Amino acid sequence: MSSPADPLLPALAEAAARDTVRWIERAVIGLNLCPFAKGVHTRGQVHYHASAATTPNQLREDLERELRDLVALPAEERDTTLLIVPRGLEDFLDFNDFLGEADALLASLGLEGEVQIASFHPDYRFAGTRADDVTNCTNRAPWPTLHLLREASIDRAVAAFPEAEAIYQRNMATLEKLGKDGWRALDVGPTPQEAGR
């Protein structure tokens, strides 16, 4: 059993959630990177939780709690969860390593086929791309983030959206057209913190 996480400073928790909402509104919805995001956002069905975890063990406990809470509630109340990690997984490789643990936890809870975990990170990098490739921005959030999605909601959204498999390619084209300066102009990075990180 891991030791309890240090309490997350309220200012940092608020900033992380606020930054994530801004990213959702300006980038994910604003650039239409996910055509399914606007509906759940406007209906208030997205739950934002800034984790106090600073270690993988603490984050695993937080992730388990958020997964259990998500499936315990009706989709009309909470369709999806964004678990934001302001401290502990700032390095993208460490974050990427944790994703295997996240998937293992999903399996151990018997939630495979019911929930998916998508990942976003300020330094997200697709395999085979340079760190400064603007197309990486399709998965760059202001803070390390695990997105817990209900499979049933994904299935409904895909059924309503023709050629859903083309979203990835369209997003790449959108970012290439926007360019690095255009991405910076969106101002979807983290709020600078004076202390507490």
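**Close-up views of a predicted model**

**View 1. Leu 89 in the loop between S2 and H4**. Helices (DSSP runs of H or I, at least four residues) and strands (E, at least two) are numbered from the N terminus. The model is predicted: local features need pLDDT of at least 70 and side-chain atom pairs pLDDT 80 or more, while totals for chains, interfaces and linings use all residues. Residues are numbered from 1 along each chain as its sequence is written, and side-chain values use heavy atoms, without hydrogens and water. Leu 89 is buried, with a relative accessible area of 5% (buried, under 20%; exposed, over 50%; partly exposed, in between; 1.4 Å probe, protein chains only). Its contacts (heavy atoms within 4.5 Å), not counting residues up to four places away in sequence, include Leu 59, Phe 95 and His 121.

**View 2. The salt bridge between Arg 26 and Asp 187**. A salt bridge requires a side-chain nitrogen of Lys or Arg within 4 Å of a carboxyl oxygen of Asp or Glu; the N to O distance here is 3.7 Å. Arg 26 belongs to helix H1 (residues 10-29) and Asp 187 to the segment after helix H6 (167-186), 161 residues apart. Arg 26 is partly exposed at 38% relative accessibility, as is Asp 187 at 46%.

**View 3. The salt bridge between Asp 62 and Arg 65**. The N to O distance is 2.7 Å. These residues are separated by about one helical turn because they stand three residues apart in helix H3 (residues 56-72). Asp 62 is buried at 6% relative accessibility, whereas Arg 65 is partly exposed at 45%.
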